[in-house]
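Hi,

Here is the structure I promised to pass on.

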Amino acid sequence: MKTSFFKLTTLSQSSLQDYVDCAQRFKLRYLDRLSYPAIETEPTLENEKHQQEGEYFHRLVQQHLIGISAEQIAKFTNSANLQRWWENFQNSEDVKRLAELPGRYPEATLSAPLGNYRLLAKYDLIAVENGKVLIYDWKTYRKRPRNEWLSARMQTRVYCALLVKAGAHLNGGQPFEPEQIEMVYWFADFPNEPARFAYTSAQFKRDWDMLVKLSDEVASASSYPLTEDRQKCAYCTYRSYCERGIGAGNTDQAEAEMEAEELFDVNFEQIGEIAF
Ligand code: SF4
């Protein structure tokens, strides 16, 4: 029997990632809308600060991409992390040139019907250049994740597939061919090691079929089991609620740590305005 209170109408890469990682986390976060009952990790303050800086960095880059000068932006980099990330951005030819591209769409939102839902994605940047379309995502992770881990994430699969489905208005009314698309994760602390994923028609078919199947599963779900992979609980905000540990995670397992980084990932809805 469903006990959910809220009727879900949209799905996103984050909610789908939660669903595949742990159906219970999906339920608590998106159906019950339970706020964060546990301290996420230790040291708490340091993580919180890193997350806030990550959000602030996203806002600074977005402001730069809509026309605020680099000199002006630099005045707002008021911490060591922000200064380093901004310098790295400015010194990376690959991303620096994006501010000059005519076909750039920072913080673009795309959506398309998916089963009973709308699939929604907010992109850091979509850039159209010489017949190609590049999806850029800024990451302020403290570790550079493995490409295999990134390519399997819902974010990579949702962002690329949804751009095919819903990006025609960025291409003169013609849907983009999957082969035109490349997704680039640019790491503010590893500026010379971006992760680039070219897309293909076969991947698009595989991804969209998977998304349709997953949305059907979400729509018909009647139980939301706790994950059997307890590593996923180490940094989860709901671990005290689930009785999967009260103390904060301090595992050395690389995958669990990357999972944690993603849990602290920037969520656009959380980013406030900065007055320039
Ligand atoms: S603590 Fe573990 S079981 Fe509970 S929601 Fe989080 S990941 Fe799922």
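Predicted model: local features only at pLDDT ≥ 70, side-chain atom pairs only at ≥ 80, totals over all residues.

Residues are numbered from 1 along each chain as its sequence is written, and side-chain values use heavy atoms, with hydrogens and water left out.

The chain has 10 helices and eight strands (DSSP runs numbered from the N terminus: H or I of at least four residues for helices, E of at least two for strands). Of its 276 residues, 53% are buried, meaning under 20% relative accessible area with a 1.4 Å probe, protein chains only.

Now the inside. The largest nonpolar core holds 48 residues, and Leu 163 and Leu 211 touch the most other members (a core is a set of buried Ala, Val, Leu, Ile, Met, Phe, Trp, Tyr and Cys residues joined through side-chain atoms within 4.5 Å). Helix 8 contributes the most to this core, nine residues. There is also a second, separate core of 23 residues, with Val 61 and Phe 89 among them.

Finally, the helix pair. Helix 8 (residues 154-166) packs against helix 9 (residues 201-220) at about 105°, axes 9 Å apart; axes are lines fitted to C-alpha atoms over the stretch in contact, and angles run from 0 to 180 degrees between N-to-C directions. So helix 8 is roughly perpendicular to helix 9, a label covering 65 to 115 degrees.

Cheers

Methods. Parallel < 35°, antiparallel > 145°, perpendicular 65-115°, else oblique. Buried < 20%, exposed > 50% of the residue type's maximum accessible area, 1.4 Å probe, protein only.
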